[in-house]
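Good morning, and thank you for joining this group meeting. Please look at the display before I go on.

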Amino acid sequence: MNISWTLKSRALSLFDLIGRDALYFTQKYITKRSAVEITTIPRPWKFHKENIEAYRPRSLIEFGAGKALGQNLYLSRPGLRQQLVDLNPMLDLSLVNDAIALLTAQAALKSSNPVHSLEDLKLHYGISYDAPIDMAATDFADSSFDICISTNTLEHIPVTALEAIMRELRRVLKPGGVISAQIDYSDHYAHTDHSITKLNFLRFSEPQWKKHNHRFFFQNRLRHNHYRRIFAEAGFEILQAQAIKPSKTIPQDLISEQLTGDDSDYCTAGLWLLRNA
């Protein structure tokens with residue numbers, strides 16, 4: 001179904017007023033956007049798995065884990081403790097069980113035990129979930145984790161908050177610990193409106209874009225080299241910085257202030273591997 005991005009923006013303006021619970025209800029029971037679909041293993045999950053196999057961490061942290069935890073279930077293994085946090089409580093155990101069933105059907109999950117509580121999630125899959133927690137200021141001890149994974153989360157965080165999160169990750173990751181991340185650089189409105197390009201949001205100045213940048217659908221619009229600067233300034237060693245999925249169509253009226261002057265500006269995703277120096 002194609003949904004006009006301007007119509008979607010108006011609908012999101014309403015949810016800004018009536019709240020997050022109404023949005024989650026609509027996504028689950030009306031638009032069905034919360035439904036779990038795992039027909040193949042997504043590329044970022046495989047990327048994280050490769051990095052986990054290479055570095056063999058015993059402790060993992062992820063922020064912005066979401067509702068169904070399909071990625072975390074796929075990555076679960078004996079000896080790996082996963083700590084998942086969200087800024088707002090999002091976990092839905094019914095969706096977690098949907099993910100368990102789909103991954104089991106693909107033989108992509110070692111355990112197929114359903115979960116009925118947070119205790120079950122920890123017992124069967126080594127996953128702990130806590131919310132609300134602000135990843136920019138946690139109570140975790142210094143050097144608590146070996147690895148942080150992130151999939152299509154960083155693009156939803158304002159720059160100042162992102163910089164604070166990177167400083168906190170420097171603290172809670174062990175020396176030599178790594179961050180494995182995929183970032184979606186595309187205009188998320190284009191995910192449901194195929195009449196616009198994946199770079200459409202770069203056509204707007206900051207004041208113009210502000211009216212479409214809702215609190216439950218925030219997009220920072222940062223490009224690949226913007227993230228490179230943020231990660232380097234936070235003190236991380238960049239081991240891999242791969243800009244991928246170049247847009248097939250590049251609008252002629254992009255705002256120069258949103259760009260860095262590099263071809264990676266037109267890529268719609270990036271894969272990152274960072275080390276805590």
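Which residues of helix 1 are buried? Please keep in mind that the model before you is a predicted one. In helix 1, the buried residues are Trp5, Lys8, Ser9, Leu12 and Phe15. Viewed down the helix axis, these buried residues fall within an arc of 110°, so they line one face of helix 1.

What does that buried side meet? The buried residues of helix 1 pack against helix 2, residues 20–30, and against helix 8, residues 206–210. On the face turned away from the buried side, helix 1 carries the exposed residues Arg10, Leu17 and Ile18.

A word on the geometry of this helix. Helix 1 covers residues 5–18, which makes 14 residues, and reaches 20 Å from its first C-alpha to its last. That span is close to the 20 Å expected at 1.5 Å a residue. Just after helix 1 comes Gly19, with a positive phi of about 110°.

Let us take Leu73 as an example. If we leave aside its neighbours within four places in sequence, Leu73 is in contact with Ala68, Val96, Ala99, Ile100, Leu103, Leu109, Tyr125 and Ile127.

Finally, the chain as a whole. It has nine helices and seven strands. Its radius of gyration is 19 Å, close to the 19 Å that the globule rule gives for 277 residues, so the chain is as compact as a globular protein of that length. Along the principal axes, the C-alpha atoms fill a box of roughly 50 × 45 × 35 Å.

How much of the chain counts as buried? The share is 51% of the 277 residues. Among contacts with a separation of 6 or more, 76% join residues 24 or more positions apart. The chain exposes about 13500 Å², and carbon and sulfur atoms supply 53% of that area.

Thank you for your attention.

Definitions and conventions
Residues numbered from 1 in each chain as written. Predicted model: local features only at pLDDT ≥ 70, side-chain atom pairs only at ≥ 80, totals over all residues. Heavy atoms only, no water. Helix = DSSP H or I, 4+ residues; strand = E, 2+ residues; numbered from the N terminus. Expected span 1.5 Å × (residues − 1). Buried < 20%, exposed > 50% of the residue type's maximum accessible area, 1.4 Å probe, protein only. Arc of directions from axis to C-beta. Contact = heavy atoms within 4.5 Å. Rg over C-alpha atoms; globule rule 2.2 N^0.38 Å. Areas by Shrake-Rupley, 256 points an atom, 1.4 Å probe, with all protein chains shown as cover.
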